[in-house]
Every structure is written in C-alpha cells, then in structure tokens.
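Dear colleague,

Please find the structure below, together with its sequence. My notes on what was found in it follow directly after it.

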Amino acid sequence: MRYIIIGAGAVGGVVGGRLAQSGHEVVLVARGAHLAALRADGLRLRVPDGDLTFRLPAVERPEELGELRADDVLILAVKTQDAEAALAQWGPAPVAGGTTAAESLPLLCAQNGVEGQRIALRRFRRVYGVCVWLPATHLEPGVVSAAGSPLTGILHLGRYPHGTDDTLHRIAADLEQSAFEAPVVADVARWQYAKLLTNLANAIEAVSGPLESEAARELCARVRAEGEAVLHAAGIAFAGDQEQKQARGDKCTQVPLPGTVRAGSSWQSLSRGTGSIEADHLNGEIVLLGRLHGVATPLNELLQRLANTFARERRAAGSLPVAELVRLADEAEARAAAA
C-alpha cells in the first residue's frame with residue numbers, strides 16, 4: 001500500500017516519516033513554506049534516536065499524482081477546521097479502475113476531536129477513526145519532531161462509525177513496523193472521546209502557556225469535569241483513566257529533544273500564526289453537546305471564544321496570564337449559575 005498523508009504537519013509528518021523509515025511508500029501533502037521546504041530539503045524528523053531526513057514525493061494537489069492507485073491509503077491529518085476543503089479536493093480524485101478516491105479508497109482521520117470523521121463520511125464511503133496519542137510538534141517548515149520513546153505513538157484504529165475490517169489490520173501491521181502501537185478496536189469512538197477530554201486543556205495552554213502552575217492545573221480539572229458531565233448527559237461512553245493508563249503504560253514516554261519545544265497542537269497553531277485554531281471542534285464539541293442536552297458549559301464556551309479570538313487576531317501564544325484566565329472562568333461560572 002502507498003500512504004498519502006494529507007496534511008504533513010506534526011502528526012502527519014511524523015507518521016509519514018516513520019512509515020517511510022520502515023520501507024513503506026509515502027507521499028506527503030502540504031502547502032506554502034512547508035511544502036517548499038519538503039521539496040527542497042526533504043522531511044526532517046527529530047526523534048529521540050536522532051535527526052532523520054526523508055526525501056519523499058511532496059505535492060499540494062491530487063492532480064500532481066495523476067491517477068491514484070487502487071492500493072492507496074489516504075491519511076487525513078489536517079486540523080478539523082481544514083478538513084472540508086481537503087476532502088472536497090481529494091474526494092473526486094480519479095483512481096485506477098474507473099472510480100474516485102471517495103468511492104473506493106480508505107480514509108483514516110488522524111485528528112483531534114470527533115467531527116472530522118463525520119465530515120468525511122458525507123463524501124467518503126470507507127472512513128476510519130484514529131485516536132492519536134502522539135507527542136509531536138511542527139513549528140518550522142520542513143521539520144517535525146516526536147518525543148515519544150520507546151514507541152513514537154499509540155494509534156487506536158477503528159472503522160467509522162464502528163467495526164473493523166481486513167484493510168485496517170493490514171494498515172495496523174504497517175504502523176506497528178514503524179515505531180507505533182496500533183490496536184484495532186471496534187469502538188474507536190470510546191478512545192476518541194477520552195482523548196477529547198484531555199484536549200479540552202489545549203485552549204488553556206494556547207492562551208496562557210504551559211500548564212505548570214497549580215492554578216492552571218486546577219482550571220484544567222474544572223474544564224474536564226464540565227466535559228465529563230456533558231458526555232454523561234449525552235450517554236456517550238469514553239475510556240476511563242485506568243483503562244487508558246493500562247493501554248499506554250510506559251510505551252510512549254516523552255523525552256527531551258534538544259532544540260525543540262513540546263507543546264499542544266493549539267499552542268502550535270498560534271505560534272505559527274495560522275489564523276485558525278481547532279477549539280470549535282474540541283471545547284466547541286462539549287459546548288454543542290451541552291446545548292443539545294441541557295447542560296451548561298460556561299468554561300468551555302469561554303475557552304472556545306478566547307482561543308478563536310487569539311487565532312483571529314494573531315495574538316501571541318500564552319500571553320494571557322493564568323490568574324486573569326481563572327478570573328474570567330470564575331465570572332463565567334457565576335453568570336451561568338445565576339441564569
């Protein structure tokens with residue numbers, strides 16, 4: 001199988017680099033300065049065992065590849081807010097045998113949140129969910145880093161909306177040759193919702209910096225509790241903390257990488273000045289479910305609004321003092337309680 005990585009940033013670049021390292025055929029899809037760097041100097045992958053460089057085909061559009069192959073696998077690794085545009089571009093791409101990518105090729109959604117695969121299923125017949133446990137960073141064109149050791153990451157895989165199949169087991173085997181653990185599960189959504197609860201803190205880190213102070217950690221706990229209450233009200237199952245700890249163990253421990261910064265994906269978006277952020281599909285997912293099921297979500301509403309404002313106005317990542325964020329959170333909860 002040939003792997004086409006649609007969005008060769010932090011997650012996509014690391015997955016593509018590791019697959020290439022283990023001998024699999026990989027095409028990277030990128031744009032702008034990142035694409036130019038990939039074409040000029042190759043993909044530079046920084047991992048605990050050193051810096052690696054892979055000179056791989058890099059394209060911006062499917063037309064550059066011509067007719068796609070029947071054994072191609074598409075891995076969608078763009079941020080969810082960019083998914084619709086990417087899927088609209090790649091769905092109609094012709095595939096050998098007279099079909100299109102949307103009709104016949106498997107599409108893996110390697111993204112935070114749960115909305116990307118729903119967007120994909122409107123266009124693609126064969127959609128798979130991926131719960132991504134992968135400490136990865138992309139701040140510089142052409143360069144991605146992954147701090148996990150001994151495994152680079154753990155990727156739970158499942159067909160969307162549920163189930164498994166032989167294709168998924170073949171993909172999992174390739175990933176497990178490439179420094180990943182890739183459990184194939186029939187209920188991948190349980191793992192994705194558990195990861196969503198963790199990702200609710202991304203916005204806190206993005207606007208107020210590393211979650212190092214007691215005040216920041218306490219706010220994270222409050223935001224997560226709000227998210228859990230919403231999932232319970234909605235009847236949505238998610239993997240518990242103990243189950244997650246048992247699955248991860250010490251298989252993917254983050255280690256320091258010289259010259260790199262370890263930060264969440266939302267912080268990275270602000271640092272790169274992309275103008276967009278994934279808060280609508282992380283905190284915003286909890287807000288949506290809360291409104292559907294009658295649960296107030298003042299903390300996640302606040303974080304969604306602040307993160308979007310920071311992205312839109314290109315404010316510096318981490319520039320809002322934690323004390324000010326906590327004050328705003330207290331006020332938001334008080335207003336909700338009085339309503």
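In strand β12, Val 143 is the bridge partner of Glu 140. Helices (H or I, at least four residues) and strands (E, at least two) are DSSP runs, numbered from the N terminus. The strands β11 and β12 run antiparallel and are joined by three bridges; two strands are said to pair if DSSP finds at least two bridges between them. Two residues lie between the strands in this hairpin, where Gly 142 takes a positive phi near 85°.

Before going further, please note that this is a predicted model, in which local features need pLDDT of at least 70 and side-chain atom pairs count only at pLDDT 80 or more, while totals for chains, interfaces and linings use all residues. Residues are numbered from 1 along each chain as its sequence is written, and side-chain values use heavy atoms, with hydrogens and water left out.

Five bridges hold β3 (residues 43-47) and β4 in an antiparallel pair, and Asp 51 in β4 is the bridge partner of Arg 46.

Gly 42 is found in the loop between α2 (32-41) and β3. Gly 42 is buried, with a relative accessible area of 5%; buried means under 20% relative accessible area, exposed over 50%, and partly exposed in between (1.4 Å probe, protein chains only). Leaving aside residues up to four places away in sequence, Gly 42 touches Ala 37, Phe 54, Arg 55 and Gly 142. From Gly 42 to Ile 5 there are 37 residues in sequence and 15 Å in space, C-alpha to C-alpha.

The eight-stranded sheet

Another open sheet has eight strands in the order β5-β2-β1-β6-β9-β10-β14-β15, also with mixed pairing. At its edges stand β5 (58-59) and β15 (180-181), each with a single partner strand, so one side of each is left without a neighbour in the sheet. Helix α1 (residues 10-21) packs on this sheet, touching β1 (2-6), β2 (25-29), β6, β10 (127-133), β14 (153-159) and β15, and its direction makes about 160° with that of β2.

Within this sheet, β1 and β2 form a parallel pair over five bridges, in which Val 29 of β2 is the bridge partner of Ile 6. Five of the five residues of β1 are buried, so β1 is largely enclosed by the rest of the structure. Arg 2, Ile 4 and Ile 6 are buried on one side of β1, and Tyr 3 and Ile 5 on the other. Strands β6 (residues 72-76) and β9 (residues 107-109) also pair in the parallel sense, over three bridges, and Ile 75 stands opposite Leu 108 in β9.

Cavities

Rolling a probe the size of a water molecule over the atoms shows where empty space is left. A cavity is a set of points, on a 1 Å grid over the protein atoms alone, where a 1.4 Å probe fits but cannot get out, and lining residues have an atom within 4 Å of a point. Grid points are joined across faces, edges and corners, and a volume is the space filled by probe spheres set on the points. The structure holds two cavities of 30 Å³ or more.

The largest cavity has about 60 Å³ of space. Its lining includes Ile 75 and Leu 108, and α1 and β14 each supply at least two of the lining residues. The second largest cavity has about 40 Å³ of space, and Val 130, Cys 131 and Lys 195 are among the residues that line it.

Yours sincerely

Key: Contact means heavy atoms within 4.5 Å. Axes are lines fitted to C-alpha atoms, for helices over the stretch in contact, and angles run from 0 to 180 degrees between N-to-C directions. On a 1 Å grid over the protein atoms alone, a cavity is a set of points where a 1.4 Å probe fits but cannot get out, and a pocket is an open set with protein on both sides within 12 Å along at least five of seven lines; lining residues have an atom within 4 Å of a point.
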